[in-house]
Amino acid sequence: MKLPYKIGYAVTLVWLVWIVYGYVNYEVMADRGQIPIVLLCAVIGIILLPIYFISVLLYYVYKRGPKKKK
């Protein structure tokens, strides 16, 4: 379960760096016409990242299965 979470954390970190970079360099991004790309990445990340982490958690809970009583 560690590897999927590490991958998710790495993707989240890259996503956050990209969003902060776009915010800090707003004027440069606006001149290049990349503001819609930054906003689209922000919306996609807000939607997909929680879905990813929840699905990984549910997969491992389902894979482990119910505990058998003795």
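A residue counts as buried under 20% relative accessible area, as exposed over 50%, and as partly exposed in between (1.4 Å probe, protein chains only). The model is predicted: local features need pLDDT of at least 70 and side-chain atom pairs pLDDT 80 or more, while totals for chains, interfaces and linings use all residues. Residues are numbered from 1 along each chain as its sequence is written, and side-chain values use heavy atoms, without hydrogens and water.

Tyr52 is partly exposed, at a relative accessible area of 29%.

| Residue | Relative accessible area | Class |
|---|---|---|
| Tyr9 | 54% | exposed |
| Phe53 | 18% | buried |
| Ile44 | 40% | partly exposed |

Six aromatic pairs are found in the whole structure; rings of Phe, Tyr and Trp (its six-membered ring) pair if their centres lie within 6.5 Å, and planes under 30 degrees apart are stacked, over 60 edge-to-face and the rest tilted. Tyr9 and Phe53 have ring centres 5.6 Å apart and planes at 35°, so this pair is tilted. Because Tyr9 belongs to helix H1 (residues 2–24) and Phe53 to helix H3 (residues 35–64), the pair ties together parts 44 residues apart in sequence. Helices here are DSSP runs (H or I, at least four residues), numbered from the N terminus. Between Tyr52 and Phe53 the ring centres are 5.5 Å apart and the planes at 75°, so that pair is edge-to-face. Ring pairs link Tyr5, Tyr9, Tyr52 and Phe53 into a cluster.

Ile44 is placed in helix H3.

How values were computed:
Helix = DSSP H or I, 4+ residues; strand = E, 2+ residues; numbered from the N terminus.
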